[in-house]
Amino acid sequence: MIKLENEKLVASLQASKDKVRSFIFVSCILLLLITLVFLFLRYRHNLKTAEVINKTNNELKQAYIEIENIALTDSLTLLKNRRAIVKNIQDHYLQFKRHKRDFCVILIDIDFFKQFNDTYGHHCGDVVLKEVAQCIKATARESDEVARWGGEEFLVFLPDTSLENGKLAAERTRQAVEALNIDYVQPDNTGSQKLKLTITLGVTNIWNDDTSSDSIIVRADKALYQGKKQGRNCIVSL
């Protein structure tokens, strides 16, 4: 009798142990599933956060590029501005010192530009500047860089170009601008004029004894000044 009761007690204890083991196993499985779900949700959140960060970074980079382009572009003619072209000439000056790669600079001035402003107004002057800018750009080679230097002056940078080839390029530009026929219409449509104009050009190339990129630009400016003294609508090289 006692033996039978002991066997029942042992069986009951064993059943209780089995239930506890089953409960612990099921609990572990549930905990594991909950952990996996949590990790998955956290991974998705981090992934979305990374995508948002990457998208924001790309947008910031694009915005920086656009701001930089605006800072280096003349708003009227859409050519490079003075700051942009000076940086380019400085870079090529340093390359010349290392590799002796020749280049030319052409400085251009619209002859008697003030007369357009005084006669027809500043809107006319703006039209002239844009027309001349496009003409110079169209005449330049793909590798050349054209910039508005300031006021009615433009600068053309010609990489890998000798002085003689620079003078030929300047003459092509002079002839192209001289052939321009600008049909100017007043903003209020009260009248129109056919405008003709000419330019004076100063050309130079880099010299071995140039001590900075500024000396090249100064020399081109001197050549331009000589051209004005000689009567304009001409090319002077130094």
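Predicted model: local features only at pLDDT ≥ 70, side-chain atom pairs only at ≥ 80, totals over all residues.
Local features need pLDDT of at least 70 and side-chain atom pairs count only at pLDDT 80 or more, while totals for chains, interfaces and linings use all residues. Residues are numbered from 1 along each chain as its sequence is written, and side-chain values use heavy atoms, leaving out hydrogens and water.

**View 1. Helices α4 and α5 cross each other.** Helix α4 (residues 122-139) and helix α5 (residues 163-178) have axes that come within 9 Å and cross at roughly 140°. Where they meet, C135, I136 and T139 of α4 face R172, T173, A176 and V177 of α5. This contact (heavy atoms within 4.5 Å) has four nonpolar, two polar and one charged residues.

**View 2. The largest nonpolar core has 30 residues.** Such a core joins buried Ala, Val, Leu, Ile, Met, Phe, Trp, Tyr and Cys residues through side-chain atoms within 4.5 Å, with buried meaning under 20% relative accessible area for a 1.4 Å probe, protein chains only. The members touching the most others are I106, I108, I110, V128, I136, F154 and L197. Elements that each supply at least two residues include β1 (103-110), α3 (113-120) and β6 (199-205). Helix α4 gives the largest share, eight residues.

**View 3. V128 and its contacts.** Setting aside neighbours within four places in sequence, V128 is in contact with I110, F113, F116, I182, L195 and L197. Elsewhere, a second, separate core of 16 residues includes F96, L155, I217 and L224.

Key
Axes fitted to C-alpha atoms, helices over the stretch in contact; angles between N-to-C directions. Helix = DSSP H or I, 4+ residues; strand = E, 2+ residues; numbered from the N terminus. Nonpolar A, V, L, I, M, F, W, Y, C, P; charged D, E, K, R; others polar. Buried < 20%, exposed > 50% of the residue type's maximum accessible area, 1.4 Å probe, protein only.
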